Amino acid sequence: MNDDSTYARDADSPEVSGGDGVDRRGFLQCMAWAGTGLVWTVTGGVLSSRALSPASAAEPARDFSFVQISDTHIGFKGEANKDALGTFEQAIARIKALDPAPSFIIHTGDITHAQKPGAFDTVTEALKGTKAERVFYIPGENDVFADGGTEYLGRFGGPKGTGWQSFDYKGVHFVGLINVLNFKAGGLGSLGQAQLDWLKKDVEGLASSTPLVVFAHVPLWAVYPKWGWVTDDGEQALGYLKRFGSVTVLNGHIHQIMQKVEGNISFYTALSTAFPQPAPGVGEGPGPVKVPAEQLRSVLGLRDVNYVQGKSRLAIVDSTLA
Amino acid sequence: MHGNHRLIRVRWLWRLAVLGTATFGALAVPTWAPAGQSGPGTASGMAQPVAVAAQTGPRIEITKHKFSRPTLTVPAGTTVTWLNRDEDVHTVVSTTQAFRSAGLETDEAYSYTFTKPGVYEYFCTLHPLMTGKVIVK
């Protein structure tokens, strides 16, 4: 499960993806050409502006697309990015320029940095200004720590106030999960029994051929448990999804692109629009990393996800702000 | 609401400190007044020269998601100050809710006066692997 060689990470890190001599870019190319139907384009530092520019005629047809934006950390003022609002606004401009417009946007949490007044509004207002029909939110720990989620759930919790959610769009079933509430001392991100029960019920009536997209803040798989980059009952949730032919799991939290494929389940973590974090286990601990100013935008970004009916996997296009 | 009275912007405090004792004292009283925390064992209502005590009392720094002194033993009446040196937000929250800081951003600090002997375990509610304890004798 936690085999480093199966990971692909973002650019601009000196680390290679494993001890097999295959570097990150080589690995991604392998993935792209492995005949799995997966189209994976990481633009980190290389093809950056191309991915989210208006679609060209050469691009394959798609049934719809959506955007994943993550870890906007509105209110962050650290050395790692003195203008986190500016880079957020740049990401919004990129979304607005997408043609065709995404059907909807998913924000995978850490909407705010410290849950300060106005921070949620900054994000909701900016995302309303895009052409997306809807925006779906899921919280990060920075969105709920101050009040146990009262404000977040009041805004985004839905009719039942739980915050977890599912919806169907053009034959794809989407599930948003919360794994940042009720942290216990010494513990990890968790979904909790009530949510697991809900998830089990939510998917049990679906045909196994239904494509699933699951999104949550903290990775549902064990990226790096020592830094809390794992959901302690994530395996149980994934157990309910194993029978499906196509499952895409989208997470945030770690501010870097990683990918893992396990059976029919593809895992992806996303870039932040605010600041990068170290590769797992590199350095003394997690947290904002300061990179040279001219490199900052190449380690921030967002993700465009395209769905084409009949393809077993969704096409994931990560784009940096460079 | 979240114990903001105990949230100190350290850079600001240092700037104040060089202004002189009189100015510092006058400004420091409302800033450092104990938050109205409830429950037994809290510092609520205690008249305490927190500013002075906090500067002379033990300090625990938070760096790279670690408490610099994960176990600290102090006599009753000691004020302990936690100072966040990370760019991440952290909190200092007792596992029994005996004390609870607001979110501490970079260079922000939180102080708590331990009046009763006991073992006080605490953690960061954003990063729960960050744990520590204060043993009060």
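Guide: Let us begin with the place where the chains meet, bearing in mind that this is a predicted model. In it, 22 residues of chain A are in contact with 22 residues of chain B. Sorted by class, the side of chain A that touches chain B has nine nonpolar, nine polar and four charged residues. For the complex, the predictor gives an ipTM of 0.79 and a pTM of 0.78.

Visitor: What is the mean pLDDT of chain B, and where does pLDDT stay under 50?

Guide: pLDDT is the predictor's confidence in each residue, from 0 to 100. Chain B has a mean of 74, with 60% of its residues at 70 or more. The value stays under 50 over residues 1-5 of chain B, where the model has eleven contacts beyond four places in sequence, and again over residues 11-54 of chain B, where there are 46 such contacts.

Visitor: In what order do the strands of the open sheet in chain B run, and which are the edge strands?

Guide: The four strands of this open sheet follow the order β4-β9-β8-β6 in chain B, and their pairing is mixed. The edge strands, each pairing on one side only, are β4 (71-74) and β6 (93-94) of chain B. β4(B) pairs with β9 of chain B (residues 131-136) in the parallel sense over four bridges, and B:Leu72 stands opposite B:Val134 in β9(B). As a general idea, side chains in a regular strand alternate between the two faces of the sheet.

Visitor: In which sense do β5 and β6 of chain A pair, and how many residues lie between the strands of their hairpin?

Guide: Strands β5 (residues 165-169) and β6 (residues 172-176) of chain A pair in the antiparallel sense over five bridges, with A:Asp168 opposite A:His173 in β6(A). Their hairpin has two residues between the strands, and A:Lys170 in this hairpin takes a positive phi near 45°.

Visitor: Which residues have the most contacts inside the largest nonpolar core?

Guide: That core has 99 residues, and those with the most contacts inside it are A:Ile105, A:Leu177, A:Val214 and A:Ala216. Its largest share, six residues, comes from helix α2 (residues 84-97) of chain A. A:Ile105, leaving aside neighbours within four places in sequence, is in contact with residues including A:Phe66, A:Ile95, A:Leu127 and A:Val135.

Visitor: Is A:Trp229 buried or exposed, and why?

Guide: A residue counts as buried if 20 or more other C-beta atoms lie within 10 Å of its own; A:Trp229 is therefore buried, because it has 23 C-beta neighbours inside 10 Å. A:Trp229 lies in the loop between β7 (212-216) and α7 (234-239) of chain A. Beyond four places in sequence, A:Trp229 touches A:Pro219, A:Val223, A:Tyr224, A:His253, A:Ile254 and A:Pro280. The C-alpha atoms of A:Trp229 and A:Pro219, ten residues apart along the chain, are separated by 6.2 Å.

Conventions. Residues are numbered from 1 along each chain as its sequence is written. Chains are lettered from A and ligands numbered from 1 in the order in which they are written. This is a predicted model: local features need pLDDT of at least 70, side-chain atom pairs count only at pLDDT 80 or more; totals for chains, interfaces and linings use all residues. A nonpolar core is a set of buried Ala, Val, Leu, Ile, Met, Phe, Trp, Tyr and Cys residues joined through C-beta atoms within 7 Å. A residue is buried if 20 or more other C-beta atoms lie within 10 Å of its own, exposed if 12 or fewer, and partly exposed in between; C-beta atoms are placed from the backbone. Two residues are in contact if their C-beta atoms, placed from the backbone, lie within 7 Å. Ala, Val, Leu, Ile, Met, Phe, Trp, Tyr, Cys and Pro count as nonpolar, Asp, Glu, Lys and Arg as charged, and the others, Gly among them, as polar. Two strands pair if DSSP finds at least two bridges between them.
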